[in-house]
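Subject: Structure for your review

Dear colleague,

Please find the structure below, followed by an account of what was found in it.

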Amino acid sequence: MSVAVHELPGIRRVEQIMGLPVVVDVRDDDEAGPALDQLFDWLRWVDATFSTFKEDSEISRINRGDLRRKDAHSDVRQVLDRCDRLRDETDGYFDMRTPNGSIDPAGLVKGWAVDRAAAILDGSGLHNYAVSAGGDMRVLGRAIPDLAWRVGIQHPLDRQQVAAVVETTDLAIATSGAYARGDHVWNPHSGRAPSGILSVTIVGRELGTADPYATAAFAMGPERAPHWTARLVGHEAMTILADETVFKTGGFPDE
Amino acid sequence: MRKSITVLLTVAALALPIADATAATRATTKKIVVSKRFTGSVTSVDRWGDLQVTIVVRKTTTITGTKKRVTRKITAVSVPTYPNHTDRSIYINQTALPILKAEALRAQSANINMVSGATDSSDAFAQSLQSAILKAKHA
């Protein structure tokens, strides 16, 4: 370690929510306990409302025909409307419709919920934090007073290493890939998992956009992803192909 | 035309014991890697201004005995000059030109606070993460 940290400022908490480890790391010296309670309550509510694994969630009720979309909670309607727009923005590569005809907005929910979680911390007067859900995160401020947040982008072939380091004081960072838990992203046009591509990392202002964009770009595969991401306004991207070529957009903020 | 040339010469001999008397007669593999930057001519884009493209080509020559194999690969594309005489053309070009840097994947170990990676839902990962955070807290 180049910086000796004897005792980190702030508070850290990890919980398994939405099937993912959620890490909240607050580096402000202020009392953050109540804000963290509120934040994790919010994420548990999101899980109960949006999970397709919970029979009584609003999404499960919509899929069973027990709840009409227009009668759903305003947050549910907002998320589903945004999913529809994301399908247009990504040429159909982000699609909440599953092959069996039901809907699963999980590809947006995680990032959207993290943005709202960050807003809870903002509202509590906290200015130095990272909120990560399964490796996709929103960071703000500094890890310690002299040091911005340093976020490693995991090396897709060697998980003990990183392929790039992004140093930032205000950014959402999302990485989509197939290496961690098998093929869980498929190309909605072909119905198959993309091949020839290892991961796509997108950085931007909101995780609720960066994360679905990363999912969509990964689904596009090795030919389309680098070019599609190069055209995104307000976002930068890094795409790692199976032949170990790395494509970065001109302004990708790694060192 | 601007050219910058880097030459990397690696000789990878087959792993053989030095005492092996037949070593001298075995074929060795010699690999020559040359990366060259090529800058295209300045092209006028109608009345909007000039455009210029630079590419880096990596040429790999592999010689095994008397056999020689050459492969070429574009490893980087950049657009050093593009029409930008008005705010609007800057905007259009930032959004329309696919400006990409290509490089080889490499591993770094670095002093970092967080890791972004593909989703891993295993409890083992969560536990490892939690223990790492606790260690960091008491480091």
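**The sheet and the helix across it**

Helix α5(A) lies across β4 (136–140), β8, β9, β10 and β11 of chain A together with β6 of chain B, and runs at about 135 degrees to β9(A). The model is a predicted one, in which local features need pLDDT of at least 70 and side-chain atom pairs count only at pLDDT 80 or more, while totals for chains, interfaces and linings use all residues. Residues are numbered from 1 along each chain as its sequence is written, and chains are lettered from A and ligands numbered from 1 in the order in which they are written.

Helices (H or I, at least four residues) and strands (E, at least two) are DSSP runs, numbered from the N terminus. Two strands pair if DSSP finds at least two bridges between them. On that basis, 9 strands form an open sheet with antiparallel pairing, in the order β1(A)-β2(A)-β3(A)-β4(A)-β8(A)-β9(A)-β10(A)-β11(A)-β6(B). Its edge strands are β1 of chain A and β6 of chain B, each of which pairs on one side only. Neighbouring strands are turned against each other by 10 degrees on average, direction ignored; axes are lines fitted to C-alpha atoms, for helices over the stretch in contact, and angles run from 0 to 180 degrees between N-to-C directions.

Strands β8 (residues 170–177) and β9 (residues 197–204) of chain A run antiparallel and are joined by 6 bridges, with A:A174 opposite A:I202 in β9(A). Further along, β10 (residues 236–241) of chain A pairs with β11(A) in the antiparallel sense over 3 bridges, and A:T239 stands opposite A:F247 in β11(A). The hairpin of β10(A) and β11(A) has 3 residues between the strands, and A:E244 takes a positive phi near 70 degrees there. A:E244 is partly exposed, with 14 other C-beta atoms within 10 Å; a residue is buried with 20 or more such atoms within 10 Å of its own C-beta, exposed with 12 or fewer, and partly exposed in between, C-beta atoms being placed from the backbone.

Strand β11 (residues 245–249) of chain A has 4 of its 5 residues buried. Strand β6 (residues 100–104) of chain B runs antiparallel to β11(A), and 5 bridges join the two. Within β6(B), B:K101 is the bridge partner of A:K248.

A nonpolar core is a set of buried Ala, Val, Leu, Ile, Met, Phe, Trp, Tyr and Cys residues joined through C-beta atoms within 7 Å. The largest has 78 residues, and those with the most contacts inside it are A:I173, A:I202, A:A210 and A:A217. Helix α5 (residues 207–230) of chain A gives the largest share of this core, 12 residues. Contact here requires C-beta atoms, placed from the backbone, to lie within 7 Å.

Helix α4 (residues 106–123) of chain A packs against α5(A) at an angle of about 155 degrees, their axes being 7 Å apart. That makes α4(A) roughly antiparallel to α5(A), as angles over 145 degrees count as roughly antiparallel, those under 35 as roughly parallel, 65 to 115 as roughly perpendicular and the rest as oblique.

**Chain B**

Chain B comprises 2 helices and 7 strands. Of its 139 residues, 7% are buried.

Yours sincerely

Technical notes: Two residues are in contact if their C-beta atoms, placed from the backbone, lie within 7 Å.
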